[in-house]
Amino acid sequence: MSRRPAKGDYIETDTGNKVSRKAVLVGTQNIMLGGKTVIQPEVMIRGDLVRTAQAQPPSGGSAAPPNTTAVAIGRYCFLARTVLLRPPGRIYKGVFTYMPLRIGDHVFIGQGTVVQAASIGNHVYIGKGCVINEFAIIKDYVKVLDGTIVPANMVIPSFSIVAGKPGRVVGELPDGAHDEFELRDLYKTVGNNPQPAAA
Amino acid sequence: MSLSTPYTYIQCPCSDQTVLSSGNALSDPEEDERTFDPKAPRSNYSLYPLEYLLYCEDCQQIRCPRCVTEESVTYYCPNCLFEVPSSNLRSEGNRCTRSCYQCPVCIGPLQVGAIQPTTDANLLPTQYQTNPTGGPYALFCQYCNWTSTEIGIEFDRPSGIYNQLSKINNGGKPKLTLRDVKDRRKDNPDEPPVPDDQVDADLQFAHLKAFYQSRLSETNTSIRGLPLHDGLGFSSPAALTRIMSLYTGRGHQGRLQQGPADIMREALGTNDGLKIANLDESKEIKKLINGGWDATASLEQRKEQTEPIRFEDQLRPIAYLLRSKRSKRCPACRHIISKPEAKVTSTRFKIRLFAKSYIPTITIRPLNPTATPAPVTYRPMVQEEAPLKPHQPYHFVVTFKNPLFDNIKVTLASPNATPGRFSSRVTVLCPQFEVDANTDMWDDALKDDEKDRSRKADEGPEVGKIWEKGRNWVSIVLEVIPASLRIDQQPKKGNEKIDTSPLKSGEDILEIPMFVRMEWEADTQADMDGPASKDKEAREKRELAYWCVLGVGRISQE
Ligand SMILES: [Zn+2]
Ligand SMILES: [Zn+2]
Ligand SMILES: [Zn+2]
Ligand SMILES: [Zn+2]
């Protein structure tokens, strides 16, 4: 990340990411940001929890450089205050290893939420105070209401509204709600030169 | 309900039966005179946020989830995301048969795993020895730690759980299947039928199904299409065939045939699927005395089970119910107005006519907000507006954004006093205005310079003038004087008795009913009428009118 002259609360990268100076990004070399992503103060991303057991390279072929991405985040994501992103871990062939955590585009994660999912699709809204447990898979266009606990390994199909402890599908998104997930406008309200928040 | 204000709800015309039956998009002028009370109990069923609404281009009318007719496009399992063909649905039912289960205790997803031997040597001797293939296996809930071993169910293989489970009873004993019963009968034809307490719902259903199939095959009468009440009686095989064809959607293929109305006999014994209700509950009472409350299953747990059960040790893993993707038709003209792509993983639509692409989006904000905007590092937190003080004028900016590629003329009408017990005063300062067309997106860049042109700085809202205007939007100002919520301060209306009951839930929210009429000129559709409509100048006057509700804020209870 190239740094501009140090001033303001945010580090704004060339690809348009706005990362709060008070966010804690551990193992930055293993964290991929797609661009135009906002990371608010006190967010923690555990890029240090990188996969230890590598997939076997095809026999005979030259070993490809190991993929060390621990957390991959797409474009126009928004991580509100005190969000924790933590790659999930499990025993794989007798050894404990972390697996990458992948997040798509236009994903909003609310304040205080902990995410240990295997993957989160595009256009996903996760409310505040949620826990997305290990290896959960959330598909595109899903809304997780505040305070939900999504159990480990749960699969949430597209167009679901999820709530509860444990989380379960409680409703279906209305067809017309799909572009409400767009986070372009929200992106503009944060940063060193923010626009006023939308009314 | 804790609604956050402000909000806008729109009324679907289906709540007014006269409009729907005549299929007329336009309401006549007299109808506009009627008042609409958003707090009336009936209104709950017709008010929707804009994103819930669809639009029929043929009827030129709003359609809502309540009035559209739905058709399944695809069935799929919400857990493994496999598509289930509708033929399987008929033969195997509406649950996933691919080892997808939910926890009967907490409803979380279940995982198949090997039962691990206890590694701590100080504990009890290992109950299970892992064999070379890794088994035995069980279902595990990672949310509440329930496992199928608690109900005595283990599996030899980690796959095909559905089949394995259909052969084991709780406790591990094999489940009696129709085939077992038949084999037994073949070996010992004189043996009495299975006692009722061993007949579970699956076996009973299998018996019943076999019984009716054999009845039906004995008679080949087919009189599909004949009314059921024509002296046949519901128990005649023909009537049954017809009912079955109605429910499986395979009607109309049989030929109309007048046959003798032969009455079919009903199930008589266990082997026909007859099961006598067991009214002796002494066994259950004894179990309840021993196990107490903790041994019973909760109501929520019981309603997810397919068999009627009472105790926790009778719970069985719940196979996932299938989910569907559905298309939606207009109730009046039957045209499809929303149709998703059939593929389970696709989120695209083949057809979708959203109301928000046809009618303006209405947003409300206070002209002088009391809440300070959230600091940048705390966004998107929204600061709640302070409650509205009674008898004090407030101004709200209401913005109409036009989604159409034509200019629209908007006319607003709103009662001077809101309906209901606590009647607030409302004035729309500019009830008639035009909103420009939704032209190319890049014009948006000019929006900000254009914004304030219609208004000089420091100037308050003026009657008859719009507040702000942009590319495809116009803002107007609404003046509101909230009513007092004190019961003793209600003005007397003639001889009417004043309702002095305490404040009901939601009554403190100031909701303004507003009638919106939009008029525009659209290109006549280059349609099937042939060359006559090729005239480029042909413009067609269109009009759409509907009620909406603006929830502007909460009134303070002082
Ligand atoms: Zn409707
Ligand atoms: Zn499944
Ligand atoms: Zn559970
Ligand atoms: Zn129609």
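A: Four donors count as tetrahedral if all angles lie between 85 and 135 degrees. The zinc ion (ligand 3) has a tetrahedral site, with angles of 98 to 114° among its 4 donor atoms. This is a predicted model, in which local features need pLDDT of at least 70, side-chain atom pairs count only at pLDDT 80 or more, and totals for chains, interfaces and linings use all residues. Residues are numbered from 1 along each chain as its sequence is written, chains are lettered from A and ligands numbered from 1 in the order in which they are written, and side-chain values use heavy atoms, with hydrogens and water left out.

Q: Which residues are the protein donors of the zinc ion (ligand 3)?

A: Donors are N, O and S atoms within 2.8 Å of the metal (3.2 Å for Na, K and Ca); water is not among the atoms, so sites may look incomplete. Here they are the SG atoms of Cys103(B), Cys106(B), Cys141(B) and Cys144(B), at 2.2 to 2.3 Å. Along the chain their spacing is C-x2-C-x34-C-x2-C.

Q: What coordinates the zinc ion (ligand 4)?

A: Cys56(B), Cys59(B), Cys330(B) and Cys333(B) coordinate the zinc ion (ligand 4) through SG, at 2.2 to 2.3 Å. The donor spacing in sequence is C-x2-C-x270-C-x2-C. Strands (E, at least two residues) and helices (H or I, at least four) are DSSP runs, numbered from the N terminus. Cys56(B) is in strand S3 and Cys333(B) in the loop between S11 and strand S12 of chain B, so the pair ties together parts 277 residues apart in sequence.

Q: Now the interface: how many residues of chain B are in contact with chain A, and what area is buried?

A: The size of an interface is often given as the accessible area lost when the parts come together. Buried area is that loss, taken with a 1.4 Å probe and summed over both parts, while contact means heavy atoms within 4.5 Å. In this model 30 residues of chain B are in contact with 41 residues of chain A. The area buried between them is about 3,000 Å², 57% of it from carbon and sulfur atoms. Tyr143(B), Arg323(B) and Arg379(B) supply 21% of the area that chain B buries against chain A, more than any other three residues.

Q: How many salt bridges are there between chain B and chain A?

A: A salt bridge is a side-chain nitrogen of Lys or Arg within 4 Å of a carboxyl oxygen of Asp or Glu. There are 5 between chain B and chain A. Glu172(A) and Arg326(B) form a salt bridge, at 2.5 Å from N to O.

Note on methods: Buried area = accessible area lost by both parts, 1.4 Å probe. Tetrahedral: all angles 85-135°; square planar, octahedral: opposite > 155°, others 65-115°.
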